[in-house]
Amino acid sequence: MNSSGVLKSSSSELDLDRPNIEDYLPSGAAIQQEPRGKLRLHDLLDISPTLSEAAGAIVDDSFTRCFKSNPPEPWNWNIYLFPLWCFGVLLRYLIVFPTRVLVLTIGWIIFLSSFIPVHFLLKGHDRLRRSIERSLVEMICSFFVASWTGVVRYHGPRPSRRPKQVFVANHTSMIDFIVLEQMTAFAVIMQKHPGWVGLLQSTILESVGCIWFNRSEAKDREIVARKLREHVQGADNNPLLIFPEGTCVNNHYTVMFKKGAFELGCTVCPVAIKYNKIFVDAFWNSRKQSFTKHLLQLMTSWAVVCDVWYLEPQSLKPGETPIEFAERVRDIISTRAGLKKVPWDGYLKYSRPSPKHRERK
Amino acid sequence: MGNTSSMLTQYDIEEVQQHCKHAFTQQEIASLYQRFCHLDRNNCGFIPSDEFLSIPEFAVNPLSQSLLRMLDGFNFKEFIAFLSAFSPRSTLQHKIEFIFKVYDTDCNGKVSFDDMLTVLRDLTGQYMSEHQRKEVLAQVLEEAGYTKDSFLVLSDFMKILGNSDLKMEAEVPVD
């Protein structure tokens, strides 16, 4: 009697080869499903569904697809279009690019000549200094956007400066931040980068109140969580912008959101960003290109076209965990921007899944 | 990456097709070559087994360790031969042979009670205790006419799994 009970439960375990079966079944082996008949050696030995899944993952997996930059179809393949394309290349590199560099340089000169005096001279008048610095940062971002001939359409109500609110957005490239910053001076939480970007981060972005983190340090998370909480409480601080994916994704998919942004106890305002690939693919494949190269690529393309949607603020519903909240917001953003959702953690780009995940499966 | 199938000549594709006994079409082989190049990060024509663990979907599969044990590392021909069992064009016998190789951990042509227990352990993890697993396996073996100490060879596997229609396929994306 006892052994056939054991048999029944084990056959229901083995025959249900759907993924995430632990979500449907209570833990433990005492499960009474409808009787499935006797377990035969054949059923036990047939591991083909699991093997098929493994082979499917080897052949093509949804995680790698998130980070593939698909080159656009070449349209310059015949005798009429090719010279036109060559002319376009010359135009872009020899005329448009230098003009853009000029524009950008002018922008920087104006910015630095205003920012540095304001920063040092107005040390006593904090509020005034901060609001001027904010406008200056917004201005330099507009210059950046202009330097790629950025056409950005903003939809929805502009962010307002209120305490206890955070903004979350999907992440495609570092320029997401610039595009959003041009409209409102946000404080961002970012990975500290090396090189000239790092220099910019520690000087100018410091003034808007940015927070730094380090992906590779484990303890870092608690420190950052505390800093986030402090920032959100302050009424004077710039609204906080977080990219909960944690890494750049290729604008066709969204990966799992990290729950850190969602357990701060404030309203979350989702922002969806979608780039139009016709003119340039804005995805920054940080493995393949440095940021400088990426910027140069953008500056030598025709335009950067994107849509930004400011969506309705969401709060934690009663009885909802932060993870469910994060998923709900990801849903909202993905639907608005037309992105597909993928159940993987973006950080798997940098490390491998632990055996824990395998056990769960 | 550019058009990588240009690195694979028509002759190469035909040779590989021959090697896997025409389990894949030429387009599928070209597509798999792109996939191989993508996985082969060091561009040395050889993927060590644990490179596959960087594919999250593969790493969370319960049988990933057994599969990696089967081969020491792949060059492209071995990659295709390995995957050929999952082509819709491969024979039932080929698929059963593959399953047999997964079970036969010490590659001696015989599957023992312990081999089957190992795979069962990988699949069920914490859901069954070791004792339950042994009991179930022993019971099922006896009902099929074997004992705990008998070794199963390939022909036994053919007999047991041969009458069913085994669905073991992975679709190769062809763009």
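In this predicted model, F167(A) stands opposite L241(A), a residue of strand β5 of chain A. F167(A) itself belongs to strand β2(A), where it points the same way as Q165(A) and A169(A). β2(A) and β5(A), the latter spanning residues 240–242, pair in the parallel sense. Three bridges link these two strands.

β2(A) has another partner. Five bridges join β2(A) to strand β7 of chain A, which covers residues 267–276. This pairing is also parallel. Within it, V166(A) stands opposite V268(A) of β7(A).

The setting of β2(A) was examined next. The strand covers residues 165–169, and five of its five residues are buried. β2(A) is therefore largely enclosed by the rest of the structure. Its side chains point two ways: Q165(A), F167(A) and A169(A) one way, V166(A) and V168(A) the other. Residues on both sides are buried.

Helix α7 of chain A was considered separately. α7(A) runs from residue 126 to residue 147, a total of 22 residues.

Part of α7(A) is buried. The buried residues include the charged R129(A), E133(A) and R134(A). L136(A), V137(A), I140(A), C141(A), F144(A), V145(A) and S147(A) are buried as well. Just after α7(A), T149(A) takes a positive phi of about 45°.

On the chain B side, 63 residues are in contact with 43 residues of chain A. Together the chains bury about 4,600 Å². Carbon and sulfur atoms account for 70% of that area. E57(B), V60(B) and Y127(B) supply 16% of the area that chain B buries against chain A, more than any other three residues.

Polar links were counted too. There are zero salt bridges between chain B and chain A. Four residue pairs are in polar contact, both residues of each pair being at pLDDT 80 or more. α2 (26–39), α3 (56–59), α4 (64–70), α5 (76–83), α6 (92–103), α7 (113–124), α8 (130–143) and α9 (154–161) of chain B each supply at least two residues. The largest share, eight residues, comes from α8(B).

Terms used. Residues are numbered from 1 along each chain as its sequence is written. Chains are lettered from A and ligands numbered from 1 in the order in which they are written. Side-chain values use heavy atoms; hydrogens and water are left out. Buried means under 20% relative accessible area, exposed over 50%, partly exposed in between (1.4 Å probe, protein chains only). Helices (H or I, at least four residues) and strands (E, at least two) are DSSP runs, numbered from the N terminus. Two strands pair if DSSP finds at least two bridges between them. The expected span of a helix is 1.5 Å times one less than its number of residues. Contact means heavy atoms within 4.5 Å. Buried area is the accessible area (1.4 Å probe) that two parts lose on being put together, summed over both. A salt bridge is a side-chain nitrogen of Lys or Arg within 4 Å of a carboxyl oxygen of Asp or Glu. A polar contact is a pair of N or O atoms within 3.5 Å; within protein, one must be able to donate a hydrogen and the other to accept it, and residues adjacent in sequence count only if both atoms are side-chain atoms.
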